[in-house]
Amino acid sequence: MKKFFKLSLVMMLAFTLVLAGCGKKADNGGAAPSGGNASGGEKKSDIKIGMVTDTGGVNDKSFNQSAWEALEKLNKDTGVSIKYLQSKADSDYVPNLNQFVQGKYNLTWGIGAVIKDAMTTVAKQNPNSNFAIIDNVVEAPNVQSVTFAENEGSFLVGVVAAKMTKSNKIGFVGGMDIPVIKRFEAGFKAGVAAVNPDAKVLINYTGAFDKPDLGKAAAATMYNDGADIIFHSSGGTGNGVFNEANDRIKQGKKVWVIGVDKDQSLEFGDQVTLTSMVKDVEGAVTKYSKMVADGNFKPGAPVTLGLKDNGVSLASTSSKNVPADVLKLADEYKEKIIKGEIKVPEQ
């Protein structure tokens, strides 16, 4: 009996150790929080494409996320290996870019205007490596620069806001006070003024693309000052603008947010998203990354994508909340801008 009891005890202990080992494996699964990768499904390719985010992060519900979604689709379609490195501070840009260079990646994307200086340094130090940047221009022969005419798309959402406001007070929340965000502001104010010169545009720059709490505070101040619509161009900081608007909607107040970069109604809902100013970051990243996958990528002159290129546009879901006559007016202004009859300011 004693022998049986000892044997049972040993078996139970061994079984417990096995379970503990399994549990440990599960806890260690998944990608590291600072980066992610995919190596392809059924299709395989030797091509490797890397992406460095700005501090907004890959899940910013904005242009970093659009860029990564483009690479994920390319990975699925062609089997190219992809990886992103998430930058938590400006000091991460150079080492993150260099990590892809050292890994002999065929192309390294830098997403965001603020990566310009780091990419300029790394690209010049590594002339045999290829790079591409969104939202800024790097003067180097091995870098493809892609920018957008944000002022043109912002003009159109300015028209929508000016026609839809009930209070004649409209807000603009920007991230960092840099040229690309100033283009958003300038175009938006011009669009508002074109159809409703009596409307006042309140401006607030939070100084960050990754601080939802600052976005929430900025939105609260503007709504308290009487604004009923806010257009944000602040990356992940803008998530706080949506949060504040949703809080007020739950209290029975009618306020709106105009999204940016992506159709943000898909993330935050139609009850709060009036429309969005969409930048086709996904299309640009797909185009140049596919060139790499096809073996015919060659960095060229900087490219600027505007209304005529469908590089910027109103979200396709705008008709859910914006009346047909307002959309028609916005479309009329779009045609005038494309034809050159209206020159939209950049600052």
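Strand S6 (143-148), helix H5 (150-164) and helix H6 (179-195) each contribute at least two residues to the lining of the largest pocket. Helices (H or I, at least four residues) and strands (E, at least two) are DSSP runs numbered from the N terminus. The model is predicted: local features need pLDDT of at least 70, side-chain atom pairs count only at pLDDT 80 or more, and totals for chains, interfaces and linings use all residues. Residues are numbered from 1 along each chain as its sequence is written, and side-chain values use heavy atoms, with hydrogens and water left out.

H6 gives the most to the pocket lining, with three residues. Of the 21 lining residues, Phe148, Ala149, Asn151, Arg183 and Glu346 are the closest to the centre of the largest pocket.

On a 1 Å grid over the protein atoms alone, a cavity is a set of points where a 1.4 Å probe fits but cannot get out; a pocket is an open set with protein on both sides within 12 Å along at least five of seven lines, and lining residues have an atom within 4 Å of a point. Grid points are joined across faces, edges and corners, and a volume is the space filled by probe spheres set on the points. There are two cavities of 30 Å³ or more.

| Space | Volume | Largest contributor to lining |
|---|---|---|
| Largest pocket | about 370 Å³ | H6, three residues |
| Largest cavity | about 120 Å³ | H6, three residues |
| Second largest cavity | about 50 Å³ | S11, four residues |

The largest cavity has 18 lining residues, with Phe63, Asp135, Val180, Ile181 and Phe209 nearest its centre. The lining of the second largest cavity includes Asp263, Asp270 and Lys320.

The largest nonpolar core has 65 residues, of which Met51, Trp109, Ile134, Phe188 and Phe231 touch the most other members. H5 gives the most to this core, with eight residues. Such a core is a set of buried Ala, Val, Leu, Ile, Met, Phe, Trp, Tyr and Cys residues joined through side-chain atoms within 4.5 Å, where buried means under 20% relative accessible area (1.4 Å probe, protein chains only).

Helix H8 (residues 238-250) has 13 residues and spans 19 Å from first to last C-alpha, close to the expected 18 Å, which is 1.5 Å times one less than its number of residues. Its buried residues include Val241, Phe242 and Arg248. The buried residues of H8 pack (heavy atoms within 4.5 Å) against elements including helix H7 (212-224) and strand S9 (229-233). Gly252, with a positive phi near 90 degrees, follows H8.

Key
Buried < 20%, exposed > 50% of the residue type's maximum accessible area, 1.4 Å probe, protein only.
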